[in-house]
Amino acid sequence: MPQLTGTHDISSLLAAKHQSVAEYGEDSVAAVLAADLVAHNMIVDDLMADLAAPTSDRQRLSGTSVSGEMVETDEYGRAATQKATPGQTVGFPLRQFQYSIGWTRNFLKVATPADIAIAQQAAQKAHLQRIRREIQRGLFISANFTFLDHLIDNVSLAVKRLVNADGAAIPEGPNGESFDGASHTHYIARAAALAASDVDALVSTVLEHGHGGRIKIVVSTANAAAIAALSGFQALSTAFVSAGSADARTAATLDFTRADNRLIGYWNGSYEVWTKPWAIANYFLAYDASDARKTLVFREREQSALRGLRVAAEIDLYPLRAQYMESEFGLGVWNRTNGAVLFIGGTSWTDPTIA
């Protein structure tokens, strides 16, 4: 009789609804759940690949500018020495988040593997929701702050936002553009009803700093219709064409599988327009997804065993048993010029309320 090939995964547990954990085997359940956690953490890394760089650094140098001026001299002349504008230190927070699951001994005797798998899936969903909130705080809140690195050694870290007129030196643009650190900001508010010029200005705010490899404009699903109504927007085709059809098209078609995480069109034929689950209504974000110096940094522990969502501890105190799942991470802006936000809810910038 041929052997059945395959791999035990979370679906194997969800399918096991007619036998208890005791019958299925706690070791078998634990092995499948551990493998599923590994897969979950890999998905998290992939989701943020073009927005945040993974690191264990807690500080980096940002905003350096290598520039100068060639001074004309004669054969006896000697130009004054010059130096590059020093960069600024930006810090990245590290926070600990926890999700706890509890049950009684009697529950485990009758609970199915599917019950245990669903509990872990709830923890994974909570993990993704927390990451979404931290991305929102990193991108859409405009004020710098000081973070006490309490999980390490209580060092104070200067956490910066996107360029926000805080007086810090800003690198020159690719064509020698100069920017006043006391007034230049990447938190923009529209002056009147939303117009194509507002979106153009948003994109230009990123382009003028030399970020232009792959500009993405991110909007909430609530604002997808508003940007689609502007003259600079080109929608994707919504028609489905089979691969062998005589009417085969090269244009991308709209993905209907996920309304809040998809490419919906192009701006001026060049820049991708996306909806994302972490986008906030009335706030449009533009950034260069191809830049090696990502907009954000996703900070985790140096030790690989402490990264991602993991089972941190189990307490077995009869008749109760509890499992504690933890994740330690933080998001902070690294490349302050690689991102700009347009607020379309008023004529002056207002930070969003993030739960």
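Q: Is R190 buried or exposed, and what is the nearest side chain of opposite charge?
A: This is a predicted model. In it, R190 is buried yet has no salt bridge. The nearest side chain of opposite charge is D198, 6.1 Å away.

Q: What does the side chain of R190 reach, then?
A: The backbone oxygen of I344, at 2.5 Å.

Q: Where does R190 lie, and which residues does it touch?
A: R190 lies in the loop between β7 (187–189) and α6 (196–207). Leaving out residues up to four places away in sequence, its contacts include D198, L342, F343, I344 and T347.

Q: Switching topic. How many salt bridges are there in the whole structure?
A: The search finds 14.

Q: Which residue does K216 form a salt bridge with?
A: D50, with the closest N and O atoms 2.5 Å apart. The pair links distant parts of the chain, 166 residues apart. K216 is in strand β8, and D50 is in the loop between α3 and β1.

Q: Are those two buried or exposed?
A: K216 counts as buried because its relative accessibility is 3%. D50 counts as buried too, at 18%.

Q: And what about E272?
A: E272 forms a salt bridge with R214, closest N and O atoms 2.8 Å apart. That pair also links distant parts of the chain, 58 residues apart. E272 counts as buried at 11% relative accessibility, whereas R214 is partly exposed at 36%.

How values were computed: Residues numbered from 1 in each chain as written. Predicted model: local features only at pLDDT ≥ 70, side-chain atom pairs only at ≥ 80, totals over all residues. Heavy atoms only, no water. Helix = DSSP H or I, 4+ residues; strand = E, 2+ residues; numbered from the N terminus. Buried < 20%, exposed > 50% of the residue type's maximum accessible area, 1.4 Å probe, protein only. Lys, Arg positive; Asp, Glu negative; His and termini not counted. Salt bridge = Lys/Arg side-chain N within 4 Å of Asp/Glu carboxyl O. Polar contact = N/O pair within 3.5 Å; in protein donor to acceptor, adjacent residues only side chain to side chain. Contact = heavy atoms within 4.5 Å.
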